[in-house]
Amino acid sequence: RSVFRVISSEEVSPGATLSRSNSYIAADASSGKGMFITVLYLLYDKEKKQMTCANAGHYSPLWFKAKEKAFGEITTGGVPVGILPGQTYAEETIQLAPQDLLVMYTDGVTEAKAANGEMFGLERLKRLVEENSSLSAHDLFMKIQGGIKEFIGEAPPFDDLTLIVIRVK
């Protein structure tokens, strides 16, 4: 985290920040312990309503386009930080529109398991976003959280869950 914070204060580019961070972390993690970090780094330009992202092994955000009532595609990706030195991380800039939604999540969301072993899954998450796309970001967050709790029932949590919902103004 410290490496990332220092480098991100020096770089304006998410891709360059991830590339430089990876160089330091991969050199330090090369002891063969198999440690790595997934990172989704997003920068939002409020005036232009543009989001620039670089991705190091994390799930891409779900981007729901309000006007089209359809999901947009964010394709940038890369190897998690710390695995291989010398990685270059591509950037992607998307043009957002008012009322668009961005949903960022960890594997604890899609891999949440019911008592029978079935996983919550990406399609169930997308369906919840689509069916509730008119809700505020907070209410959509609560709807997804409630859907996960209902799905897993009494099963113990499989993993930590991180969920962020953003609505463009």
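1. Basis. The model is predicted: local features need pLDDT of at least 70, side-chain atom pairs count only at pLDDT 80 or more, and totals for chains, interfaces and linings use all residues. Residues are numbered from 1 along each chain as its sequence is written, and side-chain values use heavy atoms, with hydrogens and water left out.

2. Length of α5. Helices here are DSSP runs of H or I with at least four residues, and strands are runs of E with at least two, numbered from the N terminus. Helix α5 has 16 residues (137-152) and should span 22 Å at 1.5 Å a residue; its end C-alpha atoms are 23 Å apart, which agrees. The expected span is 1.5 Å times one less than the number of residues. Gly 153, with a positive phi near 60°, follows α5.

3. Faces of α5. Buried means under 20% relative accessible area, exposed over 50%, and partly exposed in between (1.4 Å probe, protein chains only). The buried residues of α5 include Leu 140, Ile 144 and Ile 148. Seen down the axis, the buried residues of α5 fall within an arc of 120°, so they line one face of the helix; the arc is that of the directions from the helix axis to the C-beta atoms. On the other side, His 138, Lys 149 and Glu 150 are exposed.

4. Thr 38. This residue lies in the loop between α2 (14-28) and β1 (39-45). Thr 38 is partly exposed, with a relative accessible area of 32%.

5. Leu 84. The loop between β4 (70-72) and β5 (91-95) holds Leu 84, which is partly exposed at 42% relative accessible area.
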